[in-house]
Amino acid sequence: MKRNAAKHPLPSALPDPEGFIDSETQVAGVIGYPIRHTLSPAMHNAAFRALGLNWIYLPFEVPPERLDGAIKGMRGLRLRGLNVTIPHKVEVIRYLDELTEAARRIGAVNTLFWEDSHLVGDNTDAGGFLQALRQAGFDAKGKRVLVVGAGGSARAVLYALSQQDAYLFLTNRSIEKARQLATEFAVEQVYPLEPYALHPVMNQIDLVIHCTPVGMAPEAEKEPPIPLEALPPHAWVSDLIYRPLHTRFLRRAASLGLHTLGGLEMLLYQGAESFVRWTGLVPPVEVMRRALLEQVDSE
Ligand code: NAP
């Protein structure tokens, strides 16, 4: 059967399209459930190809009841590295030998790598997010940041910003969950996710980071209820969502003349950090960004 190149891009994304996979080929990949929408294979295979590495990155669909077996399989087959995505980021911890400080504090793992014979869990979402901010020209040191959400990505963002001595403000639909997070990450103040409650603090905020799925495709017409019009003109607005690339939330921020940063950059730099853990090499970031954009554009 003839493949549709846009819908099934894996063959052209192989490290060696001529089919040179051999006994030396090193295998990395991503586990999740479901996994078919992952953009990571395109990004990492493009990077391997650009550096001439005999590596391949594969998506593995692993339902929760097979997680134990998947990690045993990684050990047995000595896969070089794995990314871990929903729903395994917390559950996977119990199968590992060690955690990095970031993974321990965030309480979730998105990258597995080997340190000698030890299987280590890391969280590159935090470092990836900070790197995306830096590359965009925002230095978080000492800034006042409003984080929207209290799930896994909010935890990574709060950890990253706490390392930068930023002043943290938090809002979430379930206020109790926000209060719990606030005790873990030295948050200054917690607010209900309501425009009236947020309005008074907005003029002190330098950066808003949206960490919920509201506005993600296919419900791209939605946006979180944040009174962006009350931000000072120098403020930045970031959305972790990357489908669509330009969410309704970000478009509204841009229309107010605010600086914006979309989720694709965090996805890129968390991937770049994982790449370093596995290969020890400088990742070809531009190649990886192009691969991600091609994937998103073809959807
Ligand atoms: P999660 O752990 O499931 O967290 C969900 C959070 O969103 C919770 O705070 C939840 O509030 C809130 N929420 C969910 N539905 C809501 C609604 N209808 N109204 C208001 N709040 C709502 O998810 P996550 O892993 O943090 O991911 C959040 C988003 O970030 C997703 O869109 C994901 O794709 C994106 N993300 C992007 C990257 C990247 O590299 N760019 C990385 C990770 C995640 P309650 O506590 O009240 O339930």
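Helices here are DSSP runs of H or I with at least four residues, strands are runs of E with at least two, and both are numbered from the N terminus. By that definition, L67 lies in helix α3, which covers residues 67–77.

What you see is a predicted model, in which local features need pLDDT of at least 70, side-chain atom pairs count only at pLDDT 80 or more, and totals for chains, interfaces and linings use all residues. Residues are numbered from 1 along each chain as its sequence is written, and side-chain values use heavy atoms, with hydrogens and water left out.

I turn to confidence. pLDDT is the predictor's confidence in each residue, from 0 to 100. The protein chain averages 93, and 94% of the residues score at least 70. Over residues 1–12, however, pLDDT stays under 50. Where pLDDT is low, the predicted coordinates should not be read in detail.

As to the overall fold, the protein chain has 11 helices and 12 strands. Its radius of gyration, taken over C-alpha atoms, is 20 Å, close to the 19 Å from the globule rule (2.2 Å times the number of residues to the power 0.38) for 299 residues, so the chain is as compact as a globular protein of that length.

Let me return to L67. Is this residue buried or exposed? L67 counts as buried because its relative accessibility is 1%, where buried means under 20% relative accessible area and exposed over 50%, with partly exposed in between (1.4 Å probe, protein chains only). Beyond its neighbours within four places in sequence, L67 is in contact (heavy atoms within 4.5 Å) with I31, V62, H88, E91, V92 and Y95.
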